[in-house]
Amino acid sequence: MPYKDILYCSVENAIIRKKDGKMRNPVGIRTIAEKLGIAPCTVSSVLNGNARKRRIKDETARRILEECKRLNYVPNQLARSLRDPRTMMLGTVFADLRNDWAARILDGVRIAADRNKMLPMVMSHEWDPVRERKGIEMLLRFRIDFIITIPLPECVETYSLVRAR
């Protein structure tokens with residue numbers, strides 16, 4: 001198991017801390033390009049399925065894919081969202097997640113997210129309008145593609161932020 005020594009992973013700064021206390025950045029396309037002595041745009045083209053269109057040799061594409069597998073490369077969705085306006089994230093904001101209807105709705109959200117290769121983000125405001133507004137603002141900062149919610153009556157105005165987007 002390659003990740004047995006990971007204690008902590010922080011999404012905020014994309015750094016992984018190992019048991020020995022040292023930190024390292026996850027593997028990116030630049031790392032792969034440096035290891036192979038090629039341009040990062042070549043790695044990017046292969047990983048995005050554009051090798052033939054960009055006339056990249058099959059041997060080069062094979063080497064890139066092998067290196068990605070060897071280094072356990074995982075695409076950076078945040079970096080990808082700089083180019084593609086879709087974040088592939090779906091947000092839910094509910095008052096209470098402890099009842100049956102919330103579980104049924106979230107199960108449907110999970111199924112829809114899986115079908116569309118999206119990441120569901122779940123937030124609960126516990127009937128607090130301030131928490132609801134902060135939750136919506138957080139989802140908007142992540143450039144979420146969809147928000148599913150039942151707004152509190154006193155927070156309907158908060159959703160004008162969503163409509164304005």
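This is a short tour of the structure, one selection at a time.

**Before you start**

You are looking at a predicted model, where local features need pLDDT of at least 70 and side-chain atom pairs count only at pLDDT 80 or more, while totals for chains, interfaces and linings use all residues. Residues are numbered from 1 along each chain as its sequence is written, and side-chain values use heavy atoms, with hydrogens and water left out.

**Stop 1: the whole chain**

Show the chain as a cartoon. Following the sequence, the pattern reads β-β-β-α-α-α-α-β-α-β-α-β-α. Of the 165 residues in the chain, 27% are buried. Here buried means under 20% relative accessible area, exposed means over 50%, and partly exposed is in between (1.4 Å probe, protein chains only). Now think about contacts, meaning heavy atoms within 4.5 Å. Among contacts with a separation of 6 or more, 50% join residues 24 or more positions apart.

**Stop 2: two packed helices**

Select residues 40–47, helix H2, and residues 58–70, helix H3. Two packed helices are described by the angle between their axes and the distance between the axes. For H2 and H3 the angle is about 85° and the axes are 10 Å apart, which makes H2 roughly perpendicular to H3. Axes are lines fitted to C-alpha atoms, for helices over the stretch in contact, and angles run from 0 to 180 degrees between N-to-C directions. Angles under 35 degrees count as roughly parallel, over 145 as roughly antiparallel, 65 to 115 as roughly perpendicular and the rest as oblique.

Which residues in H2 and H3 meet? Show side chains for Thr42, Val43, Val46 and Leu47 in H2, and for Thr60, Ala61, Ile64, Leu65 and Cys68 in H3. The residues of this contact divide into seven nonpolar, two polar and no charged. (Ala, Val, Leu, Ile, Met, Phe, Trp, Tyr, Cys and Pro count as nonpolar; Asp, Glu, Lys and Arg as charged; the others, Gly among them, as polar.)

**Stop 3: two cysteines**

Cysteine 68 is buried, at 7% relative accessible area, whereas cysteine 41 is exposed, at 52%. How many disulfides are there? With a disulfide taken as a pair of cysteine sulfur atoms within 2.5 Å, the count is zero.

**Stop 4: an aromatic pair**

Select phenylalanine 94 and tryptophan 101. They form an edge-to-face aromatic pair, 5.5 Å centre to centre with 90° between the planes. Rings of Phe, Tyr and Trp (its six-membered ring) pair if their centres lie within 6.5 Å; planes under 30 degrees apart are stacked, over 60 edge-to-face and the rest tilted. Phenylalanine 94 is buried, at 1% relative accessible area, and tryptophan 101 is partly exposed, at 31%.

From phenylalanine 94, go to tryptophan 127: the two are 33 residues apart in sequence and 8.5 Å apart in space, C-alpha to C-alpha. Tryptophan 127 sits in the loop between strand S5 (119–124) and helix H6 (129–141) and is exposed, at 56%. Leaving aside neighbours within four places in sequence, tryptophan 127 contacts Ala95, Asp96 and Leu152.

**Stop 5: two loop residues**

Finish with asparagine 72, in the loop between H3 and helix H4 (77–83). Asparagine 72 is not a glycine, yet its phi is positive, about 55°.

Terms used. Helix = DSSP H or I, 4+ residues; strand = E, 2+ residues; numbered from the N terminus.
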